[in-house]
Amino acid sequence: MIQVNVKCPYCKESLMDNEHTIDGKPSIKVSIQSGNKLGDLYLSSLYGSYEINSEIDFTEGEIYIFSCPHCNSVLTSKNLCEKCNAPIVAFEFIKGSRILICSRRGCKKHSIEFEDLEKEISAFYNVYSLFFAPTSGKKEKKNE
Ligand SMILES: [Zn+2]
Ligand SMILES: [Zn+2]
């Protein structure tokens, strides 16, 4: 699996938390809110892992508001999840690309979006080429 380092698209601060590890890697720290429940959420930085850590008791199927712990900007984008219509949360990834995840607990929709596909894919492969060695090819399931 690829480990991603993401930052806030607004204040450009890193969202990586080296002290709080998940899957043995630094986690992605965000603030989340649902109704009057507010707390920190740590997401695995391994792309494709759904491991999380939080003091909040999640309700399956509920939509949560994600915000930056540094500048408090809401990270929800204008896009809606193509699976469940919940708002999509966007993190800045490699320059010009974003990691998108669904804000609904339990929905496993996530993707990487590139603004300039060819250029960014090659940047992506340069940074992460080690992970794409032919032997580590694990097939991704299409239907979850
Ligand atoms: Zn921010
Ligand atoms: Zn969804």
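Ile88 stands opposite Cys102 of strand S8. Strand S7 (residues 87–92) pairs with strand S8 (residues 97–102) in the antiparallel sense, over five bridges. Here two strands pair if DSSP finds at least two bridges between them; helices (H or I, at least four residues) and strands (E, at least two) are DSSP runs, numbered from the N terminus. Four residues lie between the strands of this hairpin, and Gly96 takes a positive phi near 85°.

## Basis and confidence of the model

This is a predicted model, in which local features need pLDDT of at least 70, side-chain atom pairs count only at pLDDT 80 or more, and totals for chains, interfaces and linings use all residues. Residues are numbered from 1 along each chain as its sequence is written, while chains are lettered from A and ligands numbered from 1 in the order in which they are written.

The pLDDT, the predictor's confidence in each residue from 0 to 100, averages 83 over the protein, and 78% of the residues score at least 70. Confidence is highest in strand S1 (residues 16–22), with a mean of 96, and lowest in helix H1 (residues 117–128), with a mean of 64. Over residues 135–144 the pLDDT is below 50, and this stretch has two contacts beyond near neighbours in sequence. Where pLDDT is low, the predicted coordinates should not be read in detail.

## The surroundings of Tyr64

Tyr64 lies in the loop between strand S4 (52–54) and strand S5 (65–67). Tyr64 counts as buried because it has 26 C-beta neighbours inside 10 Å; a residue is buried if 20 or more other C-beta atoms lie within 10 Å of its own, exposed if 12 or fewer, and partly exposed in between, with C-beta atoms placed from the backbone.

Not counting residues up to four places away in sequence, Tyr64 touches Ile32, Gln33, Ser34, Ser103 and Arg105. Two residues are in contact if their C-beta atoms, placed from the backbone, lie within 7 Å. The C-alpha atoms of Tyr64 and Ser103 are separated by 5.5 Å, although these residues are 39 residues apart along the chain.
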